[in-house]
Amino acid sequence: MRSLLILLLALYIGPLFAADELEIIIDRGVENTLPIAIVPFNWSGAPEMPPVEFALTIGNDLQRSGRFAVMEEADLPQRPVQFQEVNFRDWRLLGMENIVLGALKALPDGTFEVEFRLIDVYRGAQIAGFRIPATAKQIRRTAHRISDIIFERLTGIRGAFDTRIAYVTVRNNDDGSKRYQMQIADADGFNSQVLMESSEPLMSPAWSPDGRQLAYVSFESRNSSIFIQDIITGERTRVAGFSGINSAPAWSPDGTRLAMTLSREGDPEIYIMHLATRNLERLTHDRGIDTEPAWSPDGQKIAFTSDRGGNPQIYEMSTNGGRTERLTFVGVYNARPRYSPDGNSMSLVHGQDNTYRIGILDFRTSDITLLTGARLDESPSFAPNGSMIMYATTGRQGSELAAVSADGSVHQRLALQVGEVREPAWGPFPPEMP
Amino acid sequence: MLTSLTLQSSLRSVLIHIAAVLLLVLSFDFPSRKTPQQMPQMNIVEAVAVDSAQVEKELQRLQELDTAKAQEELAKQQKLEQQVRELEKKSTQAETKRKEEEKRLVDLEKKKLQEQKARETEQKKLADLKKQQEELERKRKQDEDQARKAEAEKQRKEEEEAARQIQLAEQQAEQQGQDQALLQGITANIYRSVVSNYNVSGLAPGLECVLIVRTVPGGEVVSVSISQSSGNEIFDRRAINAVQKASPLPLPEDPATFERLGLRQFRLPFRPQ
């Protein structure tokens, strides 16, 4: 009886143990960059075309995002052009997950066709493949577009490489005077164009949501004025030239309003201008300085810097007015708010002991995470996909541009031309590709 | 005893025969010593020249003499013969008697023997019976013993079997315990290996997918298939890449252990917190 029981028990335990399929729950992972290799594009189809460093441009884009680890060109185990030429085993041995192949072809009408494939090494399959027509002038931009596609296919987040930035440069003339320029460039700092030049200070560029216009502050008439300039036509309009301060323009997400700081009624206050009518709404009513307005992505709220509490801190209020809420409590200096595109956080300048650093205020935890560690960093601006923040920092030649990934992991300086570079503003996404 | 008895009787018969032969030899010796019948035949030739009457007379006389002699002789002979016969008769009678006696003795002996035999048979029978009984008893005892032994053996075997089963169960339990521990270690290793290759950077929260991973001893990943998709291509791909990059997984090389632990195929649910 006993033996039978044990036998039954053994029989019971046995199959139960064996039949149960092993299951291992993977409940966490690592925060790693994605390995990717960009094989130099084949240019044999367009020998007369000067070889733009296509692979390098894409690689730099991805590297700068902080989400990718781009393989050095010298380390590539092979340089396939066609999918069939890929030796997957070699790439897998190197732990390479994704590779990009491509070629440039000259078309009879003088334009080009850039073909590229994004390949998943471990599945041995193509993730994405496109042929993109381009004129000679658009070749570099095409590289950024490819970077965007790769970024989106591998991270799920829309890429923001084919975007532009606006910034102000300052150069010292030989006669001691200064030359200010409002410039626009590709997000990687290349292809810069001068939009406006002045011997008087230019400040605070702000992009219209459609990317066609730029609002900024100019001191060309000795007093500060807010201008809106069309980027294509160059046409400019002064929208605010009131007595006192006219500064810190910020477009509403729907593009119909411009928030700004005016001191026409005494102390600097936040106003909202309806662009169609130029009507002004005063938003703040406080004795302290209220400035640097920023729109929440949903257009419902405006954050701004105010010293009403004794030192600069960030406050928030509804665009319809009403109660003002203080957002920052840590430190004696928090200024220059910019909402992240997803509205979950805010970039700011955090000052402590005479150092000013870029920080991120997480609305869910109310914690400020510092992303930069220089002595004087200012003017943070989110990429339209929120993955990076561009800001101005103090370099060897004075102020220069730098970018940091939103998680603070990757820092990069954008070495532009000689002179100081200030107040970068990251433009919106370009119109969707046709 | 039988042998000596036969020898005695044969000796006696031999002696009787010898006596008879002696008598016969003696009786025949007499005429041969005189050889009367052979002599007259030789005399017949010499008497030719004798007077026939004389001769006749002589012959007569001789004849008469011969006849008387012969009669006397015959009587003697007859008497001897009679004596021999009587002797013989006597001897025969004695012989017969002796034979009878002998026979009687033999019969007696036989009888005795028979009796003996019968007794012996009886005894044997009894002995056999007893033996049989004893045998039966013994057999019964043996059977009983055997039954008892068989029962004991059966019990012992049962106990042994029970002990064996217990041991087996214990061994199994121990093996399973060992396997359980081994499996726990392997599971932890697989977990670590996959986790360290699982890039969750930028993944949307709240997603889950389940992969079916097939391996071979040594841990080489043969195939990874999606049993349950997260609906997010990137999420699924990151999970697959995590497993592929972790290949070879830290699994036992020994095929027996590999099979026993059921490592050929397993499920990997990916649900990052």
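I began with strand β15 (residues 257-262) and β16 of chain A, which pair in the antiparallel sense over 6 bridges. I noted the terms: strands are DSSP runs of E, at least two residues, helices are runs of H or I, at least four, and both are numbered from the N terminus. Two strands pair if DSSP finds at least two bridges between them.

The model is predicted: local features need pLDDT of at least 70, side-chain atom pairs count only at pLDDT 80 or more, and totals for chains, interfaces and linings use all residues. Residues are numbered from 1 along each chain as its sequence is written, and chains are lettered from A and ligands numbered from 1 in the order in which they are written.

I looked up the partner of A:Leu258 and found A:Met273 in β16(A). The β15(A)-β16(A) hairpin has 6 residues between the strands, and A:Gly266 there has a positive phi near 125 degrees.

Next I followed β16(A) to strand β17 (residues 279-282) of chain A; they pair in the antiparallel sense over 4 bridges. A:Tyr271 stands opposite A:Arg282 of β17(A). This hairpin has 4 residues between the strands, and A:Arg278 takes a positive phi near 60 degrees.

Then I checked burial (buried: 20 or more other C-beta atoms within 10 Å of the residue's own, with C-beta atoms placed from the backbone).

I turned to helix α2 (residues 54-64) of chain A. Here 8 of the 11 residues are buried, so the helix is largely enclosed by the rest of the structure. Among them are A:Phe54, A:Ile58 and A:Leu62. A:Gly66 follows α2(A), with a positive phi near 85 degrees.

Notes. A residue is buried if 20 or more other C-beta atoms lie within 10 Å of its own, exposed if 12 or fewer, and partly exposed in between; C-beta atoms are placed from the backbone.
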